Number of protein chains: 2
Amino acid sequence: MNYSSTFIPTLREVPADAVIASHRLMFRSGMIRKLANGLFAYLPLGLRSFRKVEQIVREEMDAIGALEMKPTVVLPGEIWKESGRWDAMGEGMLRAKNRLDNDFVISPTAEEAFTAIVRDELSSYRQLPLTLYQINTKFRDEIRPRYGVMRGREFVMKDAYSWHGNDESLDETYQAMGRAYRRIFKRCGLTVIPVKADSGAMGGSGSEEFMVESDIGDNTLILCANGDYAANVEKAGCAPDYEVQPSPESAVIPPIEKIDTPDVKTIDELCAFLKTKPQTFIKTLIYRAANVELDLSAAPCAQGEPGCKNLERKKGDTAVYPEVFCAVALRGDLDVNEAKLAALLKAGEVSLAADADVIRLTNAPVGFAGPVGLNSLPVIVDHSVTAMNDAVTGALAKDLHYRHVAYGRDFSGWMTGDIRTVKAGDRCPLCGGGLYEKKGNELGHIFKLGYKYTRSMKVSYLDENGKSQMPTMGCYGIGLDRALASVIEEHHDEAGIVWPASVAPYHVIIVPIKYDGAVKAACDRLAADFEKAGIEVLLDDRDERPGVKFNDADLTGIPWRVVVGDKGLAQSPAQVEIKRRGEQETRMVELDKAAQELELKVKEALAELDGEL
Amino acid sequence: MNYSSTFIPTLREVPADAVIASHRLMFRSGMIRKLANGLFAYLPLGLRSFRKVEQIVREEMDAIGALEMKPTVVLPGEIWKESGRWDAMGEGMLRAKNRLDNDFVISPTAEEAFTAIVRDELSSYRQLPLTLYQINTKFRDEIRPRYGVMRGREFVMKDAYSWHGNDESLDETYQAMGRAYRRIFKRCGLTVIPVKADSGAMGGSGSEEFMVESDIGDNTLILCANGDYAANVEKAGCAPDYEVQPSPESAVIPPIEKIDTPDVKTIDELCAFLKTKPQTFIKTLIYRAANVELDLSAAPCAQGEPGCKNLERKKGDTAVYPEVFCAVALRGDLDVNEAKLAALLKAGEVSLAADADVIRLTNAPVGFAGPVGLNSLPVIVDHSVTAMNDAVTGALAKDLHYRHVAYGRDFSGWMTGDIRTVKAGDRCPLCGGGLYEKKGNELGHIFKLGYKYTRSMKVSYLDENGKSQMPTMGCYGIGLDRALASVIEEHHDEAGIVWPASVAPYHVIIVPIKYDGAVKAACDRLAADFEKAGIEVLLDDRDERPGVKFNDADLTGIPWRVVVGDKGLAQSPAQVEIKRRGEQETRMVELDKAAQELELKVKEALAELDGEL
């Protein structure tokens with residue numbers, strides 16, 4: 001392809017809102033243009049790279065037996081009402097009504113569409129397992145779209161869905177997807193961190209997120225310095241840290257004792273008052289939880305409180321408590337991880353209770369809650385507290401605290417669980433190594449959905465014994481635009497993009513010093529030779545200064561640059577200059593051997609990216 | 001691919017709304033499923049054929065230098081307001097508002113999006129001509145979506161747009177597109193009728209529609225029996241038909257004469273009264289035209305009528321008359337073609353005037369209008385009238401007509417033009433041959449847009465002399481879903497689809513009589529041989545009766561069927577049966593030579609479709 005025959009409007013300047021490298025470079029290199037906030041058009045150069053990511057994803061999906069199909073982008077509102085997500089998806093889902101008052105959804109994801117189709121066609125266990133996927137347009141109305149295609153409103157997602165007769169089969173596909181995802185990212189030249197993730201609004205359990213490190217990432221990752229642990233902070237655990245306990249277990253702990261703490265409410269004030277550290281306190285917080293699925297029938301409940309007794313059938317076929325209050329006890333230096341708390345309670349949402357509720361439920365002013373004698377609501381005890389045997393905590397009365405409090409002796413709560421926020425400096429739950437934090441962006445997510453959609457949308461099949469069964473489901477997504485932008489985040493320098501060969505828009509760029517006479521003839525022949533060898537080549541035939549052409553070659557990041565000039569051609573045999581993007585070294589090679597040599601190099605580079613994990 | 005590893009839910013029954021062959025067969029063969037009225041999902045088998053059409057379109061666009069890009073499907077409302085089409089597109093365009101009250105459009109077409117991008121990047125004449133295209137999702141809210149993907153709400157369109165410095169350049173690209181379209185349809189195995197078309201709501205002039213014959217077509221085509229003329233009835237012309245004139249030109253025509261015609265208003269009544277034929281009458285109709293661009297400054301206009309004097313700037317930068325009345329005179333046996341009348345007046349819309357307006361403007365009761373002495377509004381004379389020299393027409397007064405009326409002697413009107421509806425039996429404007437009618441469906445449309453969008457969206461570039469100029473535009477669409485359905489309409493029989501090799505989901509289907517033992521081994525080897533040769537093969541490994549498998553092979557329409565059974569394998573050398581879909585003949589060929597022979601046949605079939613036009 002000749003440069004002048006394509007449409008690559010490169011730029012020196014970038015808009016002020018392009019704050020990350022990929023946004024800046026995609027814009028400057030003429031890969032994308034903005035149509036509106038969060039809506040980007042791929043220009044020809046950008047589309048070439050985009051299609052390569054798409055093709056890599058497609059090949060790896062096909063390789064594990066997933067079957068591509070194509071539902072519509074505009075989906076009927078009815079199926080979203082059936083699944084219950086018409087309400088649950090909130091304002092991030094773009095809806096439209098036509099002249100006949102039909103409700104439509106611009107697909108943000110497609111569990112409903114795929115499930116609706118499979119429901120009608122699934123009859124026998126012999127059709128299972130079944131994995132279907134699409135690579136198609138999605139729309140999510142980000143409130144603050146930014147960072148170019150990294151967080152746009154419209155994007156393309158590969159979303160796959162699988163149906164299974166049993167958990168083992170689901171796990172097999174889930175594992176195969178995990179391997180396919182690792183291969184996809186490797187082939188794109190991406191370094192991903194696979195992490196355990198909270199599966200969030202999607203429901204279900206058993207999930208893995210594929211993250212790339214990013215300063216502007218939405219997610220906080222907890223990683224072990226020894227490399228054996230990685231988790232989203234929303235789900236991260238850590239090793240118990242008994243060494244920070246105030247007293248050795250063997251010591252004799254004095255009996256619990258009530259002490260006056262006039263005007264002392266915060267942990268800092270207590271520390272100053274008692275001349276000790278936050279690690280010796282048991283912090284107790286009152287939470288309100290909505291749509292709780294956990295069985296609370298045996299939990300304590302205050303007289304007259306609707307709370308745990310008020311079980312309702314609300315979400316599809318699942319019994320939930322619409323509103324429940326609970327107390328959470330954890331060590332004074334730690335924070336509650338609300339995502340983990342919500343997961344423990346199987347709650348739709350958790351938030352700190354209002355002051356009025358705290359006062360009513362603890363029968364004390366705010367600041368004096370404590371687990372000892374708290375019988376009006378379920379107390380959830382974090383694992384950090386179970387090792388505390390000489391602690392200070394609120395005494396459920398104004399200006400009073402307890403000291404010498406021991407878990408198991410003075411209180412035990414209603415249940416124990418891991419609800420603390422893990423942070424840098426905590427210890428790895430696997431090896432005890434030091435944990436550190438990174439910001440990350442999610443590129444892909446695989447998870448076991450279970451029966452969420454097959455139950456709400458009433459999917460069934462006949463098993464080996466002719467009995468009707470409900471299949472279990474998995475769900476697997478990759479954001480293509482974000483993956484492409486992440487490749488650039490990982491592979492660029494001051495001068496521009498440094499494409500991995502697999503997703504480069506072209507493999508080779510030919511830069512004539514001046515596209516004329518013998519140089520033109522040599523360039524044209526070289527380009528023809530490359531094309532014959534299956535090498536994608538861009539010939540910069542523009543009437544521009546060599547400096548402009550070199551800058552654009554660096555900016556667009558094409559892996560190999562071939563410079564053709566009169567001087568080199570005048571040698572015997574004629575020579576051209578070859579340079580790998582991202583390296584400083586240039587080399588002169590014989591004109592007649594250049595195509596053959598670069599063909600080999602391109603194939604080697606592709607093979608390396610395509611190689612074993 | 002093994003049949004049991006894919007997802008091809010074939011059916012015996014079809015829904016009652018599947019009234020045309022392609023809808024029925026796409027449904028029965030498991031190519032598509034309905035998600036909602038007008039919304040269809042392509043299942044894996046359907047998507048394979050769909051992608052082949054897509055790839056053929058892409059190759060032919062690339063071959064003429066068009067550059068693929070990808071704007072969003074969800075477009076910002078702003079650019080539609082800029083072009084003026086936010087209002088003009090009406091309710092067929094699906095709109096959505098997000099939480100921030102931003103207006104969005106689900107792309108029904110993309111003139112605005114492409115023009116907005118080019119506007120920002122176009123600076124110099126050296127960038128022209130430029131042709132960009134996308135193959136992407138479109139949505140049009142058909143009031144009555146039907147016939148499956150032939151007329152769905154969501155569909156995929158290839159839409160290309162070109163920009164040019166002058167009309168010659170536009171014409172070059174327009175002609176190249178026309179050739180590319182012919183190649184696309186030929187490669188798909190489609191017989192198209194290229195017709196001159198009214199470019200309708202898209203604006204501009206110079207356009208060609210690519211039609212396929214269809215009983216359920218939206219369009220009426222006028223075709224010449226000699227094969228040299230084809231036009232959409234909305235634009236069709238015909239040869240003048242002087243032979244139906246009442247008097248030879250050489251005869252002496254008596255002077256015009258007023259006659260009493262008491263209670264005679266309709267042409268039928270006049271015929272009975274005067275004992276003559278409708279061909280001798282001049283029918284005069286009063287029309288109301290809206291948003292007229294034609295220069296009417298010199299046209300007659302009644303005292304006190306705003307009409308033609310009321311020129312307003314309304315549509316972008318174009319001067320229009322918001323409302324104009326005119327009279328139309330044509331031979332009594334003919335009908336006015338309102339599309340042609342609108343095109344002649346460059347009007348947004350034309351419709352018959354209300355009775356009150358007719359009475360006011362003609363100063364006579366309804367039924368007595370005539371062109372003689374009609375000076376209160378512009379009279380447009382159809383070509384059919386210009387040859388009439390002894391006609392009857394209304395005398396602009398109750399119960400009075402004129403006879404012996406001669407065009408040019410007794411009246412001449414304000415302008416002449418071709419505004420009659422051509423119909424079967426009229427004569428070809430090129431060769432005089434008999435014209436006949438057909439119903440057709442539009443698969444593609446190419447047209448010269450002119451300055452419509454570059455003017456309203458203010459696109460400019462600097463020409464060779466550094467002077468700012470506005471580029472002219474072309475616009476070129478193909479509906480992919482409709483093209484695919486039309487292939488099936490043209491290639492099917494009682495038993496199912498009969499795919500042309502180029503768009504068949506697979507080239508070869510292997511049907512084992514029983515997939516077991518030596519038959520299984522032979523089938524597996526044969527499938528591997530096909531795949532090695534680049535032949536796409538489906539192996540029906542299901543545990544079904546041979547009859548079921550034969551039926552599904554016919555239904556899915558795969559071009560070559562290879563049947564492998566014990567009997568054939570027992571021969572020496574081992575034999576398999578080969579059959580071409582759509583033919584009756586079966587042939588036994590050596591197992592060892594089957595792959596090689598079919599490879600040759602597939603390649604021959606593809607080459608034939610790909611051959612010269």
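**Note on the predicted two-chain model**

1. Contacts of B:I282. Leaving aside residues up to four places away in sequence, B:I282 touches B:A329, B:R331, B:G332, B:G370, B:P371, B:V385, B:M388, B:A391, B:T393 and B:V405; two residues are in contact if their C-beta atoms, placed from the backbone, lie within 7 Å. B:I282 belongs to strand 14 (residues 282-292) of chain B, where helices (H or I, at least four residues) and strands (E, at least two) are DSSP runs, numbered from the N terminus. B:I282 counts as buried, because it has 25 C-beta neighbours inside 10 Å. The cut-offs are 20 or more other C-beta atoms within 10 Å of a residue's own for buried, 12 or fewer for exposed, and partly exposed in between, with C-beta atoms placed from the backbone. One of the contacts, B:A329, is 47 residues from B:I282 along the chain, yet the two C-alpha atoms are separated by 6.3 Å.

2. Basis and confidence. This is a predicted model, in which local features need pLDDT of at least 70, side-chain atom pairs count only at pLDDT 80 or more, and totals for chains, interfaces and linings use all residues. Residues are numbered from 1 along each chain as its sequence is written, and chains are lettered from A and ligands numbered from 1 in the order in which they are written. Chain A has a mean pLDDT (the predictor's confidence in each residue, from 0 to 100) of 91, and 94% of its residues reach 70 or more. In residues 199-204 of chain A the pLDDT is below 50, and this stretch has 14 contacts in the model beyond near neighbours in sequence. The scores for the model are ipTM 0.88 and pTM 0.89.

3. Chain contact. How many residues does the contact take from chain A and from chain B? It takes 44 residues from chain A and 44 residues from chain B. On the side of chain A that touches chain B, helix 5 (residues 111-121) of chain A supplies the largest share, five residues. By class, that side of chain A has 27 nonpolar, six polar and 11 charged residues. Here Ala, Val, Leu, Ile, Met, Phe, Trp, Tyr, Cys and Pro count as nonpolar, Asp, Glu, Lys and Arg as charged, and the others, Gly among them, as polar.

4. Helix 1 of chain B. Six of the eight residues of this helix (residues 21-28) are buried, so it is largely enclosed by the rest of the structure. The buried residues are B:S22, B:H23, B:L25, B:M26, B:F27 and B:R28. They pack against strand 1 (32-36), helix 2 (44-63), helix 12 (480-490), strand 26 (492-493), strand 27 (496-497) and helix 14 (546-556) of chain B. After helix 1 of chain B comes B:G30, with a positive phi near 75 degrees.

5. Backbone points to check. Most residues other than glycine have a negative phi, and most peptide bonds are trans. The bond from A:S572 to A:P573 is cis, with omega near -5 degrees; A:P573 sits in the loop between helix 14 (566-570) and strand 31 (575-580) of chain A. In chain B, a cis peptide bond joins B:S572 and B:P573, with omega about -5 degrees.

6. Positive phi outside glycine. A:D263 is not a glycine but has a positive phi of about 60 degrees, and lies in the loop between strand 13 (257-260) and helix 7 (267-274) of chain A. A:D263 is exposed, with 9 other C-beta atoms within 10 Å. B:N363, also not a glycine, has a positive phi of about 60 degrees. B:N363 is partly exposed, with 14 other C-beta atoms within 10 Å.
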